[in-house]
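Hi,

Here is the structure I promised to pass on. Have a look at it first, and then read my notes below.

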Amino acid sequence: MRKKSSITFELLILGTSSATPSKNRYPSAQLLNIQEQLFLIDCGEATQVRLFQHKIQWNQLSHIFITHLHGDHSFGLPGLLSSMGLYNRQHKLTLVGPEGLQEFVETSLRLSFSRINFELEFITLDHTISTIVLEDDELKIISFPLDHRIPCLGYRFQFNSISKKLNKEKIKKYNFSISELKKLKNEEDIILSNGQLIKASEVLDVSHLQKSFAYCSDTRYNESILPYIENVDLLYHETTYENALQEKAYDMGHSTTLQAATIAQKANAKCLVTGHYSSRYIELNNLLVECQSIFPNTILGKENLRISI
């Protein structure tokens, strides 16, 4: 799923295993690169090793988003933070997640006598409501409730870029000064020396570029998440079990292949990527086939997979 784009918006999958590591799979972790700002989503065991293998500079991480405090999504966090301290990280790191995240991190670091010389900012979220976590001129990140056995959050990353370019064909017939060109590019109308009004909208080409990714980790099938993930370019939704295990999935707070595919279809997502597979599955192709029977544009999530949107 690689497209030419004027912005960087790329997902790197670091781990796809549920509950425990398996022979060829690591616990949950994904890295989202938006314009070279790196966001780590979940941090299962060995996440720092996975980042090292991909030559990711830990200092580039600005935020770490934790969906919930089950170990396969969070046990790699104390080790990663400790290593950052040993490597003398200086700038602030923001940790986002449900209630209990700060206590978990601070207790782990205190009891292990780990030294952290950089600022740790904690953003504690209410797992029962949707919250705007970050918002600026281009990027908006929201959290939303998932239906798991313990408090659990999903996240949506929405990037909106506005490009303004002067139309060369339209401006070449005028002898604009540099200051006039700057005003037009800033969407300011100008009046020429002969009294002619030139509207910026007449010579300026404005384009809107949007990219979006939603991350739905451990959750039962629940259509209440649809408003938060609708029309997303790429949807990650857990597919812990094949569809024959619907009852087990519900009891464990998880989803099956067909349930994830149905959510993607109803959300009008452009693409679905799977993950969080039960260790009972060595071969994953049947999980992909089941998803594609409902949502053809499904990608089998695997370790080291990069998806550019």
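Which residues of helix 3 are buried? They are Leu77, Pro78, Leu80, Leu81, Ser82, Ser83, Met84 and Gly85. That makes eight of the ten residues in this helix (77-86), so it counts as mostly covered, where buried means under 20% relative accessible area, exposed means over 50%, and partly exposed lies in between (1.4 Å probe, protein chains only). Helices (H or I, at least four residues) and strands (E, at least two) are DSSP runs, numbered from the N terminus. After helix 3 comes Asn88, with a positive phi near 65 degrees.

Before you go further, a word on where this comes from. It is a predicted model, in which local features need pLDDT of at least 70 and side-chain atom pairs count only at pLDDT 80 or more, while totals for chains, interfaces and linings use all residues. Residues are numbered from 1 along each chain as its sequence is written, and side-chain values use heavy atoms, with hydrogens and water left out.

The overall picture

The protein has 309 residues, and 51% of them count as buried. Its secondary structure comes to eleven helices and 16 strands. Along the principal axes, the C-alpha atoms fill a box of roughly 75 × 50 × 35 Å. If you take the contacts (heavy atoms within 4.5 Å) with a separation of 6 or more, 65% are between residues 24 or more positions apart.

Helix 10

This helix (257-266) is also mostly covered, with seven of its ten residues buried: Thr257, Gln259, Ala260, Ala261, Thr262, Ile263 and Ala264. Among the elements covering them are helix 8 (226-229), helix 9 (246-252) and helix 11 (285-292), along with strand 13 (234-237) and strand 14 (272-273). Asn268 follows helix 10 and has a positive phi, near 60 degrees.

The loop between strands 1 and 2

Thr16 sits in the loop between strand 1 (9-15) and strand 2 (29-34). Thr16 counts as buried because its relative accessibility is 2%. Leaving aside neighbours within four places in sequence, Thr16 is in contact with Arg25, Tyr26, Pro27, Gly275, His276, Tyr277, Gly301, Lys302 and Glu303. Tyr26 is found in that loop too, but at 28% relative accessibility it counts as partly exposed. Not counting residues up to four places away, Tyr26 touches Thr16 and Glu303, and also residues including Ala46, Arg50 and Gln53.

A charged patch

Glu99, Glu103, Glu106 and Asp126 form a negative surface patch. Patch residues have over 30% relative accessible area and no salt bridge; like charges are joined within 9 Å, and nonpolar side chains (Val, Leu, Ile, Met, Phe, Trp, Tyr) within 5 Å. A salt bridge is a side-chain nitrogen of Lys or Arg within 4 Å of a carboxyl oxygen of Asp or Glu. Lys and Arg count as positive, Asp and Glu as negative, with His and the chain ends not counted, and a charge is placed at NZ of Lys, CZ of Arg, CG of Asp or CD of Glu. Glu103 belongs to helix 4 (101-111) and is exposed, at 60% relative accessibility.

Cheers

Technical notes
Accessible areas come from the Shrake-Rupley method with a 1.4 Å probe; for residues, only the protein chains shown count as cover.
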